[in-house]
Amino acid sequence: MRSLTLTAPAKINLLLHIAGDRPDGFHELVMVMQSIDLADTVTVAERREAGIGLTCDRPNVPTDASNLAWKAAELMQKRFPDDAKKHGGIAIDLQKRIPMGAGLAGGSADCAAVLVGIDLLWDLGLTQVELQGLAAELGSDISFCVAGGTALCTGRGEIIDPLPELDSLYAVLAKYQDLPVPTPWAYKTYRSEFGPTYPATATELDRRLEQLRTGAMMSAIVRGDAAAIGAGLHNDLEKVVLPHYPKIQQLRDAFAQTDSLGVMMSGSGSTVFALAQSLEQAGAIALAMQNKFSDPTLEFWVTKFCHSGVQLVNE
Ligand code: C5P
């Protein structure tokens with residue numbers, strides 16, 4: 001029975017602009033996503049019994065069909081029925097390091113790893129574009145998690161354009177263990193508050209998208225200008241999440257008093273991060289934050305940007 005182990009990195013958002021509404025009920029986004037070296041380990045293996053089995057080292061992670069990793073295996077079995085018959089069932093094991101409800105795409109990263117793992121396990125030879133197409137059927141962030149690195153993500157988030165690598169930067173993350181932010185709530189609240197300001201016509205939306213795609217952050221990344229990247233961090237969802245979650249606002253304020261390149265909430269939260277140019281600077285930021293907060297449920301990570309998404313570790 002073959003078994004593959006993959007690493008599934010988390011992401012942070014350097015940019016998250018909500019450009020307007022989409023006919024499918026989602027939002028039209030312009031984001032820059034960045035992989036970091038905080039990663040889950042995902043094992044995908046053949047098993048004699050048909051169907052899917054899922055195990056996880058964290059008791060609060062669902063190990064049934066509601067988990068995106070399970071959904072990825074289900075989609076592959078449905079899309080490639082002959083290969084599924086030939087290889088038998090699929091056993092998935094998740095060793096979690098990425099926190100949940102954190103805006104770090106932990107569930108999406110595991111899902112991407114299962115897609116890539118089954119492609120390799122069944123020798124399907126799918127291209128990146130094909131894998132990203134399957135990923136997009138399961139969620140908006142999963143295509144990025146397949147590709148990883150630094151990328152401009154548009155549409156629902158599933159259209160990926162690679163950007164120059166930024167792998168010399170660091171991010172210090174902070175998150176309260178018991179403080180998840182539900183992503184659908186964040187977008188719904190944003191729509192109810194800012195819907196009236198969304199572009200009213202397709203032409204207006206196109207104009208807005210073009211402005212956002214060519215903004216200051218994009219040129220900062222192309223120049224590799226760390227200070228400008230830090231200054232250009234932006235996340236529209238902060239406008240609704242921070243007023244509802246004072247603890248996240250407090251974390252952001254505390255980070256802003258440290259010596260960093262910039263501070264931002266990732267995705268729909270609840271993780272807040274500070275950018276640093278070196279490991280020394282990142283370590284000093286983490287220490288300053290740890291000295292300010294004595295709450296044992298507040299966790300910190302010093303992470304480095306990385307240039308890839310899901311990677312095979314061993315077979
Ligand atoms: O696609 P995903 O499952 O990650 O999306 C989670 C939720 O976030 C969606 O149900 C939707 O409410 C919101 N969302 C959105 N527009 C996007 C992506 C996500 O409104 N482009």
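The model is predicted: local features require pLDDT of at least 70, side-chain atom pairs count only at pLDDT 80 or more, and totals for chains, interfaces and linings use all residues. Residues are numbered from 1 along each chain as its sequence is written, and side-chain values use heavy atoms, with hydrogens and water left out.

**Whole chain**

| Property | Value |
|---|---|
| Helices and strands | 12 helices, 12 strands |
| C-alpha span along principal axes | about 55 × 50 × 35 Å |
| Residues counted as buried | 56% of 315 residues |
| Accessible surface | about 13300 Å², 53% from carbon and sulfur atoms |

Helices (H or I, at least four residues) and strands (E, at least two) are DSSP runs, numbered from the N terminus. Buried denotes under 20% relative accessible area, exposed over 50%, and partly exposed the range in between (1.4 Å probe, protein chains only). Accessible areas come from the Shrake-Rupley method with a 1.4 Å probe; for residues, only the protein chains shown count as cover.

**Helix 12**

The buried residues of helix 12 are Gln281, Ala282, Ile285, Ala286 and Met289. Viewed down the helix axis, these buried residues fall within an arc of 135° and so line one face of helix 12; the arc is that of the directions from the helix axis to the C-beta atoms. The face turned away from the buried side carries the exposed residues Glu280 and Asn291. The buried residues pack against strand 7 (170–176), helix 11 (246–256), strand 10 (272–276) and strand 11 (298–304), contact meaning heavy atoms within 4.5 Å.

**Thr5**

Thr5 lies in strand 1 (residues 3–21) and is buried, with a relative accessible area of 16%.
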